[in-house]
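Let's take a walk through this fold, one piece at a time. Have the coordinates open and follow along.

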Amino acid sequence: MSLDPIAKDAVRDALSHVFYVTSWGYGADHWFAWFVKSLNANPEIMAYLANEGSRPKYFPEERSRAQRPDLIKFTRFVADVGMTYTAIGDCYSYRPTMMHAVLEEWPDIVRLVQLTRHPYAWLFFHVRWRATNMRMLGGEQGPLEHEWVHGCDHDLFKRLGLKPYGKEDVEVWTTFQGMWKMNDVASDSKMPIRQIPIEKVVADRELFCEIVDFLTHGRVKYDDKLLELIYSWVWTPFRGEYPLRVVPGELRADWPDWKIEAFDKLVSAEAQDSFRQLGYDL
């Protein structure tokens, strides 16, 4: 049974209330958490925080950590769940290159934005997240085991003559894993999705409002009082977080030789150029 024109318009309207914010990975980075909490501070917005990345950690029987729900079905589900909100969205469950289906099915209806992070800072959180067992509340090792077995090209790291490691050397092999993943920025940057450094968002209230305006089709506004509140959180750790001062240049200055060598061997010139085009100094 096909939908009549009025019903189709209703479905189109419901889907236009859905948005996605993609990233290279959340990694418990406070500024990424700040953005989602700032969205949820407005009563007309509901935003998931890396929901579809976290779910397989606890429900591995449903799907592996490498898989995501069918985006067409998931978008309809999100629209249904958020029917009483002016806007509802998922943040950080997807990379830009995963969004082809949405871009083809609903161009300019379902809005997308990519938030980027300086690669040195991103790597810091990528490694720290895995070194702390991905915050598994029951202490399960399954997700980290998946990273070891399926998320690393150990043969490549060995062929390149990188620092030797064992399974227990989580900081070392997840550093190599993160650096190898950095090469995806080249293909991510080619997607027709606006790329915005989170470092600029936390420093610019007008940019934050511009992003909200885009994601919600202009339906949601933030007054000065609410902006004052959310920007008071920029440097304040949330529950479950630790006070951290993450300065990319200082991180790089503290890298040991094995990490510098790995970056030079693992991160392609094309990827490094992509980071520079985003405004990041390497």
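Is His30 buried or exposed? His30 is buried, with a relative accessible area of 13%, where buried means under 20%, exposed over 50% and partly exposed in between (1.4 Å probe, protein chains only). Before going further, some ground rules: this is a predicted model, in which local features need pLDDT of at least 70, side-chain atom pairs count only at pLDDT 80 or more, and totals for chains, interfaces and linings use all residues. Residues are numbered from 1 along each chain as its sequence is written, and side-chain values use heavy atoms, with hydrogens and water left out.

Back to His30, which sits in helix H2; helices here are DSSP runs of H or I with at least four residues, numbered from the N terminus. Leaving aside residues up to four places away in sequence, His30 touches Trp233, Val234, Trp235, Thr236, Pro237, Phe238 and Glu241, a contact being heavy atoms within 4.5 Å.

Now for the core. A nonpolar core is a set of buried Ala, Val, Leu, Ile, Met, Phe, Trp, Tyr and Cys residues joined through side-chain atoms within 4.5 Å. The largest one has 67 residues, and Trp34, Phe35, Val201 and Phe208 touch the most other members. Helix H2 (residues 30-40) gives the most to this core, with 7 residues. Take Phe35: not counting residues up to four places away in sequence, Phe35 touches Val21, Tyr92, Leu115, Ile198, Val201, Phe208 and Ile211. There's also a second, separate core of 19 residues, with Val18, Tyr48, Met99 and Val102 among them.

H2 also packs on helix H12 (residues 205-215), at an angle of about 65 degrees and with the axes 12 Å apart. Axes are lines fitted to C-alpha atoms, for helices over the stretch in contact, and angles run from 0 to 180 degrees between N-to-C directions. The crossing is right-handed, that is, the near helix is turned clockwise from the far one by less than a right angle. Trp34, Phe35, Ser38 and Leu39 of H2 make the contact with Phe208, Ile211 and Val212 of H12.

For another helix pair, look at H7 (residues 142-150) and H9 (residues 170-181), which pack at about 60 degrees with axes 11 Å apart.

Conventions:
Helices (H or I, at least four residues) and strands (E, at least two) are DSSP runs, numbered from the N terminus.
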